[in-house]
Amino acid sequence: MPRIFASPAALADAVGEELGVSDWLLLEQGRIDLFADATGDHQWIHVDPVRAASGPFGACIAHGYLSLALVNLFLPQIVEVRGLAMGVNYGCDRVRFPAVISVGSRVRGSARLVAVEQVKGGVQATLRVSVEIQGQERPGCVVDTISRYYPA
């Protein structure tokens, strides 16, 4: 269940708090292949299981940008802001890929609210999202996402 905020203004009271985690997602080769098709990045470490088995990671790995894109899947499972006319993705700061995500790994998102500020007509929130890899200490991706929420 996501952490629910009754309005964009209510976010300000949670700065510095962990907001929760998403469900686990099994990262299968099919999803990696679809991402390769969407982006045109068909490097063998992502899409050639036979060659990747003898490569530096021992298996195919997810694109770093796929792990970043999964943040969009995870965030609605972690946080919900109500009383909106509109919410928009404003951008990202500090994107890092500390660990590779091998095919067959289970991943999930976790988020901390790091900043909230007033902007014209709404609220801007920065959430630090980590794409955790089950059984590993380091995450596959850490990103500060910036969203703008405009009240109804």
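A salt bridge is a side-chain nitrogen of Lys or Arg within 4 Å of a carboxyl oxygen of Asp or Glu. The views below come from a predicted model, in which local features need pLDDT of at least 70, side-chain atom pairs count only at pLDDT 80 or more, and totals for chains, interfaces and linings use all residues. Residues are numbered from 1 along each chain as its sequence is written, and side-chain values use heavy atoms, with hydrogens and water left out.

**View 1. R3 and E17 form a salt bridge.** The closest N and O atoms of the pair are 2.8 Å apart. R3 lies in strand β1 (residues 3-5) and E17 in the loop between β1 and β2 (18-21), so the contact ties together parts that are 14 residues apart in sequence. Helices (H or I, at least four residues) and strands (E, at least two) are DSSP runs, numbered from the N terminus. R3 is partly exposed, with a relative accessible area of 29%, and E17 is partly exposed at 31%. Here buried means under 20% relative accessible area, exposed over 50%, and partly exposed in between, with a 1.4 Å probe and protein chains only.

**View 2. R128 and D144 meet in a salt bridge.** The N to O distance is 2.6 Å. This pair links distant parts of the chain, with R128 in strand β7 and D144 in strand β8, 16 residues apart. R128 is partly exposed at 33% relative accessibility, whereas D144 is buried at 8%. The structure holds five salt bridges; another of them joins the side chains of R82 and E80, at 2.8 Å from N to O.

**View 3. Strand β7 pairs with β6 and with β8.** Two strands pair if DSSP finds at least two bridges between them. Strand β6 (residues 106-119) runs antiparallel to β7, and twelve bridges join them. Between β7 and β8 there are nine bridges, also in the antiparallel sense. T126 of β7 is the bridge partner of A115, and T126 has I146 as its partner in β8. Two residues lie between the strands in the hairpin of β6 and β7, where G121 takes a positive phi near 80 degrees. Ten of the twelve residues of β7 (residues 122-133) are buried, so this strand is largely enclosed by the rest of the structure.

**View 4. Y65 and F97 form an edge-to-face aromatic pair.** A search of the whole structure finds one such pair of rings. Rings of Phe, Tyr and Trp (its six-membered ring) pair if their centres lie within 6.5 Å; planes under 30 degrees apart count as stacked, over 60 as edge-to-face and the rest as tilted. The ring centres of Y65 and F97 are 5.8 Å apart, with their planes at 80 degrees. Y65 lies in helix α4 (residues 64-69) and F97 in the loop between β5 and β6, so the contact ties together parts that are 32 residues apart in sequence. Y65 is exposed at 56% relative accessibility, and F97 is partly exposed at 37%.

**View 5. The largest pocket holds about 390 Å³ of space.** Of its 19 lining residues, the closest to the centre are V71, N72, L75, N89 and S147. A pocket is an open set of points on a 1 Å grid over the protein atoms alone, where a 1.4 Å probe fits, with protein on both sides within 12 Å along at least five of seven lines; lining residues have an atom within 4 Å of a point. The volume is the space filled by probe spheres set on the points, which are joined across faces, edges and corners.
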